[in-house]
Structure formats: C-alpha cells, structure tokens
Amino acid sequence: MKSILLLFLFVFLTQFTFAQTHKLLRGKVMSDHFLLQNVDVINKTTFTETKTNEKGEFIIAASVNDSILFYDKDYELKGIKLTPEDLENNNMIVSIDKKPEELKEVLIHKVNVDWEFDKKWEQLKRNEVAVYRQSRQLKNPGVYDGTINNGMDFVKIGKMIFGNRSKGKKDKVENPDAFKEAATSNFDEKFFTETLQLKKSEIETFLNFCNFDPESKKTTTENANSLELMDFLYQKSIEFKKINAPE
C-alpha cells in the first residue's frame with residue numbers, strides 16, 4: 001500500500017512539474033504559398049509529437065530551449081530551438097523547403113517572349129527598390145508621420161505596363177484602399193510588429209508595397225478568407241525585408 005502511494009505521488013509531482021515548465025505552442029507549417037497538413041511536429045527534447053491539421057496548424061507542449069523538428073518525406077527536415085519570444089508570441093509560422101526532384105528528361109520548347117514588356121517590368125522593379133530604400137530615410141528619424149519620401153506613382157507605372165492590355169474593357173470602379181482596409185481590419189498592430197517582425201514605422205510603407213502587387217486584389221474578393229490574407233502578408237514581408245535590407 002505504501003509503495004502504491006509513493007508511485008502515485010511521483011506521477012503527480014512529475015505531471016505538476018511538467019505543467020509548470022511547459023506551455024502549449026501553436027503555429028502553422030507552410031511551403032511557398034501553401035499550408036501543409038500531416039507534417040510531423042516533434043519535440044525532440046521531451047519525445048512528444050503531433051501532426052499538422054488540414055489547415056497546416058499544430059499545437060504541442062514545449063518550453064524554452066526545446067528542440068522542435070518538422071518532418072515530411074517530401075520536404076527538407078527543419079529544426080528550431082525555441083526562444084522565450086517564440087512561446088510568448090505563441091503564433092509560430094514555419095516555412096520548410098521542398099526536396100529537389102531529380103529530372104529524368106528535359107524537354108526544351110520554343111517560347112515567344114515579349115521583350116518590350118519584359119524591359120518595362122525590369123525597370124519597374126528597379127524603380128520600386130530605389131523608392132522603398134529612399135522611403136526609409138524619414139524627415140525625423142524619431143517620429144513617423146505616415147508619409148513616404150519620393151513616393152512612386154503606382155497608377156502611372158501600372159498603366160505603363162498593363163494599360164495596352166486593358167483597352168476595350170469596361171472600366172470598373174474599385175476602392176484603391178480595399179486591401180489596406182482588409183489588412184488593418186483583420187489584423188492588429190501586434191501582428192505586423194511581432195508576427196511579421198516589422199517596425200512600427202514600416203507598417204504603412206509595407207501595406208503600400210503589398211497593395212501594389214496585383215495578387216493583393218485576390219485577398220479582398222468575396223471568396224477570400226483571413227487565412228489567405230495572412231499567407232499573402234507573410235510572403236510579402238519576406239520580399240519587403242529583402243528589398244529593405246542594408247547594403
């Protein structure tokens with residue numbers, strides 16, 4: 001009887017200690033623009049595991065410095081050592097890379113390229129990079145007034161590239177701020193500063209950057225949902241940081 005009581009006490013103390021030191025870590029696993037299901041999420045430190053659901057979401061008990069592995073046979077194995085910020089944010093977004101496929105046969109096809117359009121697109125990208133780098137130099141470094149120095153004329157550039165292709169089509173009245181309104185109504189400032197790791201002074205510039213991408217209109221349609229909008233913002237934040245990276 002005494003041994004049973006001791007065993008029960010040991011199990012209770014073990015569970016209590018585990019509950020005090022571990023928290024439930026929530027997150028999503030994706031590759032490119034797609035959320036991945038049935039990815040093995042393994043806490044290597046505690047030998048516990050789970051799988052992502054059909055929305056790419058997972059929940060697993062973890063604590064600071066635990067090693068979390070993300071495994072799928074078609075993707076590269078990825079490991080993350082948890083930091084206090086990971087557990088505090090509790091909204092981890094993990095991107096894993098697809099394994100390269102060995103090509104058995106390569107077929108070469110003739111492709112007709114619109115070189116004039118390609119040159120315009122290249123010049124557009126050059127202008128975009130230059131303007132966004134200049135926009136970081138605010139009038140007062142300590143105060144963000146919501147403006148962008150030397151702002152790009154997005155309407156003019158859009159007409160330069162796509163204007164000739166839209167001739168003959170009926171003009172539609174669209175709200176130019178539809179994307180920005182959708183982004184700010186679905187996500188608060190904490191999402192941009194903590195989840196996307198943007199500075200508070202970069203949020204307005206980042207939203208303008210996203211709004212310029214034609215793909216942003218797909219996130220404001222009637223069939224779109226907040227998850228698609230979140231995925232778009234996450235991917236654009238990666239591109240935005242690369243453009244704004246110090247030279």
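**Stop 1: the largest core**

Select Phe192, Leu196, Phe206 and Leu233 and show their side chains: of the 22 residues in the largest nonpolar core, these four touch the most other members. A nonpolar core here is a set of buried Ala, Val, Leu, Ile, Met, Phe, Trp, Tyr and Cys residues joined through side-chain atoms within 4.5 Å. Buried means under 20% relative accessible area, exposed over 50%, and partly exposed in between, with a 1.4 Å probe and protein chains only.

A word on what you're looking at: this is a predicted model, where local features need pLDDT of at least 70 and side-chain atom pairs count only at pLDDT 80 or more, while totals for chains, interfaces and linings use all residues. Residues are numbered from 1 along each chain as its sequence is written, and side-chain values use heavy atoms, with hydrogens and water left out.

Now color the elements that give two or more residues to this core: α5 (178-186), α6 (189-195), α7 (203-212) and α8 (226-243). Helices (H or I, at least four residues) and strands (E, at least two) are DSSP runs, numbered from the N terminus. The largest share of the core, 7 residues, comes from α8.

Zoom in on Leu196. Leaving out residues up to four places away in sequence, Leu196 touches Phe191, Phe206, Leu233, Tyr234, Ser237 and Lys241; contact means heavy atoms within 4.5 Å.

Apart from this core lies another, of 16 residues, including Val39, Ile60, Leu82 and Leu87.

**Stop 2: along α8**

Select 226-243. Helix α8 has 18 residues and reaches 26 Å from its first C-alpha to its last, close to the 26 Å expected at 1.5 Å a residue (1.5 Å times one less than the number of residues). At the start of α8, look for Asn225: one of its side-chain oxygens comes to within 3.1 Å of the backbone nitrogen of Leu227.

Next, pick Lys236 in α8. Is Lys236 buried or exposed? At 7% relative accessibility, Lys236 counts as buried. Its side chain makes a polar contact of 3.0 Å with the side chain of Asp213. (A polar contact is a pair of N or O atoms within 3.5 Å; within protein, one must be able to donate a hydrogen and the other to accept it, and residues adjacent in sequence count only if both atoms are side-chain atoms.) Beyond its neighbours within four places in sequence, Lys236 is in contact with Phe206, Phe209, Cys210 and Asp213.

Then click Ser237, also found in α8. Ser237 is buried, with a relative accessible area of 2%. The Ser237 side chain reaches the backbone oxygen of Tyr234 at 2.5 Å. Not counting residues up to four places away in sequence, Ser237 touches Leu196 and Phe206.

**Stop 3: a four-stranded sheet**

Which order do the strands of the open sheet follow? The 4 strands run β4-β3-β6-β7, with antiparallel pairing; two strands pair if DSSP finds at least two bridges between them. β4 (48-51) and β7 (78-81) stand at the edges with a single partner strand each, so one side of each has no neighbour in the sheet.

Select 67-71 for β6, which pairs with β7 in the antiparallel sense over 4 bridges.

**Last stop: zoom out**

Buried residues make up 30% of its 247 residues.
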